[in-house]
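Here is a short walk through one protein model.

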Amino acid sequence: MNNYQALFDRQYNYFFNGNTRDIKGRIDAIRSIGNELNRFEKQINEAIFLDLRKSGFELFTTEIASVQHEIKWISSQLRKWTRPIKVRTNLVNLPGRSRIIIEPYGNTLIIGTWNYPFLLNLKPAVTAIAAGNPVIIKPSEHSPHSSEIMAKVISAAIPEERGSVVLGGIPEVTELLRLPFEKIFFTGSTNVGKLVMKAAAENLASVSLELGGKSPAIVFPDAVQPVSARRIVWGKFLNAGQTCIAPDYILVHESVAQNLIDNLALQILSMFGPDVSKSDAFGRIVDQRHFERLAALIDPAKTVIGGTHSLKDLFISPTVLYPVSFSDPVMQEEIFGPILPVIPYSDIDDVIRQLKSLPKPLALYVFTKSVKDQDKVFSSVSFGGGCINDAVMHIANPYLPFGGVGPSGNGRYHGRSGILEFSNQKSVMNKATWIDPFIRYPPFTAFKEKILRKLL
Ligand code: NAD
């Protein structure tokens, strides 16, 4: 029996014996995680800086503040969100009452990634714990400093039967995936998502996949400038482009393409200064493998902004490529770095046809004042979530469920949708016994059939 099996069993028994049922206990547990996040804040900041060189401001807003907000919000709403939901009862079942009971699944595995190490591991983890599940969190081996401090935070906050961090990479995940988890929540690449889903099929675990893909931003001729360019630059180059919902590429109407590029250049200059490598608001590429993959995607012949890089510092400057087409190498995979291809278009109907033929993205952004054009795109292209006249910010609206569709994932979390994602929704009907209409029982007669036909 390996360690994971023993840990799994302890969590199973803890859950089986009802220790995670009490709502107050769940709230205390996630609040305790919040307190430890505060206590360890300095070490967390140092760890994330060592892993990704994020600035203090970016780090606070996109990592810790977001998890703390989720903890506060869930704590204040959990009783309401886990209350049975009353629903109507249809005519043939009257007299009766119906409700949906929200219950935890049980042993839960959270596999996370490195680009927002605290946000993407702990936001689902606190939601799962609040929903009453014991969790094992497996953060990424590519953000080792963050993963280590996360393990300390969790073990200081809650008993390991309620939540525990397992460190490691592919061998450890492979071993964990052999265990009969009830729920698996995975954040990462589409290819590994497929492996996770295959492994989960063995035990028929419920699976949520938060994956990636190529998220487009469409810039129409009437897009308001410079605000559109400013928001695209911010969303794209946040965390050096290593954001799952960053605009992966821009589709711009050819009549405003040069104007957009001029505005992008101005915004990059204004946010990061003339030498971006000296800006403390711009991060670094996570490791050499990703650096080399990204550097190879920069086509010098199409580089209109940036293009400089340094392996020693894992630095790639904000880079804009133009004019790009769908057949260019940079358009064959999710970029996940500070390279922004710009594709000119002449007819939005062609763009929509093209987008419909591509894998459904995690996000989509349109920049236009025209409600007609906004509706045209949103009613024909499928994607996980997005914005009109902004980028990335839909993730910061806790009332919007967050997730992908098809190759960009499935399942939704954040707030109430997260609690439901980590819960079995048990449908229960409570029937009166003082009356028991005879028509549903054999022997069947023409008279019974006539009444049934009327009722149904
Ligand atoms: P990844 O799939 O390589 O790794 C994610 C996790 O899976 C890690 O914990 C890793 O240890 C594990 N893993 C990796 N290979 C494995 C294998 N063969 N078998 C079992 N486990 C394995 O992803 P990544 O490179 O860390 O992250 C980048 C991807 O994640 C991008 O595609 C990005 O869009 C996506 N992402 C999605 C979201 C979202 O919320 N939808 C958020 C962040 C990142």
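Domain bounds here come from an automatic or database domain assignment. The model itself is predicted. Its assignment gives two entries: domain 1 covers 3-211 + 407-428, and domain 2 covers 216-353. The C-alpha centres of domain 1 and domain 2 lie 33 Å apart.

Now look at where the domains touch. On one side, 10 residues of domain 1 take part in the contact. On the other, 16 residues of domain 2 do. Together the two domains bury about 1200 Å² between them. Carbon and sulfur atoms give 50% of that area.

What holds charge to charge here? One salt bridge is counted between domain 1 and domain 2. Find Arg-53 and Asp-313: their side chains meet in a salt bridge, at 2.5 Å from N to O. By class, the side of domain 1 that touches domain 2 has three nonpolar, three polar and four charged residues. Across this interface, five residue pairs are in polar contact.

Next, move to the ligand. For Ser-189 the distance is 2.6 Å. For Glu-141 it is 2.7 Å. For Trp-114 it is 2.9 Å. Taken alone, the ligand exposes 840 Å². The protein buries 91% of that.

Note on methods: Residues numbered from 1 in each chain as written. Predicted model: local features only at pLDDT ≥ 70, side-chain atom pairs only at ≥ 80, totals over all residues. Heavy atoms only, no water. Contact = heavy atoms within 4.5 Å. Buried area = accessible area lost by both parts, 1.4 Å probe. Salt bridge = Lys/Arg side-chain N within 4 Å of Asp/Glu carboxyl O. Polar contact = N/O pair within 3.5 Å; in protein donor to acceptor, adjacent residues only side chain to side chain. Nonpolar A, V, L, I, M, F, W, Y, C, P; charged D, E, K, R; others polar. Areas by Shrake-Rupley, 256 points an atom, 1.4 Å probe, with all protein chains shown as cover.
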